[in-house]
Amino acid sequence: MEISDDLFSQYEQTNDLDFLNEAIIETKKAFEECHPRNPCLADMLNNWSAMLIARCERQGNLRDLQKAIKHGEEALADTPRDDPHRAAICNNLGSGFSVRFERIGDLDDLQNAMKHYEGALAANPRDDPERARRYINLGSMFSARFERIGDLTNLQKAIENGEAAVATTPRDHPYGATFHNNLGVRFYTRFKRIGDLDDLQKAIMHTEEAPTATPRDHPHRADRYDNLGVYFSRRFETIGDPDGLHRATENNEAALAAAPRDHRDRAAICNNCQKFRVTGDHS
């Protein structure tokens with residue numbers, strides 16, 4: 001197992017598929033040589049599952065994903081409820097179903113992903129540093145179900161899990177900016193549906209946390225400024241707040257400055273810049 005773990009670790013550091021393929025071969029070999037009552041069997045199956053999910057995400061082979069889910073289910077069935085590794089096994093199995101939902105759109109996969117992410121949270125100690133990620137994973141599934149069926153209850157659950165993630169995340173956490181940005185998007189989505197200004201204010205509050213915590217060379221830095229510009233613009237349109245228009249222009253110009261020439265949304269950001277300037281000239 002140490003060989004395969006080292007190979008998988010090297011893959012995660014280098015993104016070199018050769019390391020991942022070798023890790024899968026070594027894990028399969030170790031599994032075939034393993035005694036059925038070996039206490040490490042569940043961990044081995046879970047690691048094998050994680051590797052296959054990673055390869056599916058890179059290459060899109062659904063057979064890898066089917067095997068990953070099968071091995072994940074076997075690992076979970078072999079893991080007692082009080083096992084300290086149960087949360088990680090549930091989370092990994094949830095990821096398998098989540099990826100398959102994204103690939104083929106079957107709501108049963110979404111439901112299974114949610115079930116296993118909930119299982120991961122239930123098995124996760126409250127002081128575990130991975131707990132915030134568990135909330136994010138579950139919140140993403142509620143958000144996906146809201147997008148599919150439009151039920152506001154799911155959006156509410158997505159927001160609640162996002163808030164829980166932010167509440168359990170230190171300010172210097174490397175994913176803190178992403179957590180805040182995603183929560184801002186969910187509040188803005190609810191504002192668009194029901195028109196509650198408090199949701200717009202919360203969208204702005206959380207999204208303001210994101211750019212300042214995002215490194216200057218981060219690929220999503222421009223998107224986060226652009227989101228903030230859109231939210232301030234909407235506040236100006238809704239309540240006629242002149243500061244909202246000023247802040248919209250300011251953030252959109254920051255988005256344009258942060259967007260490389262080949263940025264996929266650069267044209268839209270340029271368009272927003274022009275729109276906010278024209279609106280400002282006539283306000």
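Reader: How many helices and how many strands does the secondary structure of the protein chain come to?
Author: In this predicted model, local features need pLDDT of at least 70, side-chain atom pairs count only at pLDDT 80 or more, and totals for chains, interfaces and linings use all residues. Residues are numbered from 1 along each chain as its sequence is written, and side-chain values use heavy atoms, with hydrogens and water left out. Helices (H or I, at least four residues) and strands (E, at least two) are DSSP runs, numbered from the N terminus. By that count the protein chain has 13 helices and 0 strands.

Reader: What span does helix α11 reach from its first C-alpha to its last?
Author: Helix α11 covers residues 221-239, which is 19 residues.

Reader: Which residue follows α11?
Author: The residue after α11 has a positive phi, near 70°. That residue is G240.

Reader: In which helix do E32 and K28 both lie?
Author: The side chains of E32 and K28 form a salt bridge (a side-chain nitrogen of Lys or Arg within 4 Å of a carboxyl oxygen of Asp or Glu), with 2.6 Å from N to O. An α-helix has 3.6 residues a turn, so residues three or four places apart point the same way. E32 and K28 are 4 residues apart, about one turn, in helix α2 (residues 17-32).

Reader: Which residues of domain 2 lose the most area to domain 3?
Author: Together they account for 42% of what the side of domain 2 buries. They are Y188, I204 and T207.

Reader: Which helix supplies the largest share of the side of domain 2 that touches domain 3?
Author: Across this interface the rule finds 0 salt bridges. Helices α9 (176-194) and α10 (197-212) each supply at least two residues of the side of domain 2 that touches domain 3. The largest share, 8 residues, comes from α9.

Technical notes. Buried area = accessible area lost by both parts, 1.4 Å probe. Expected span 1.5 Å × (residues − 1).
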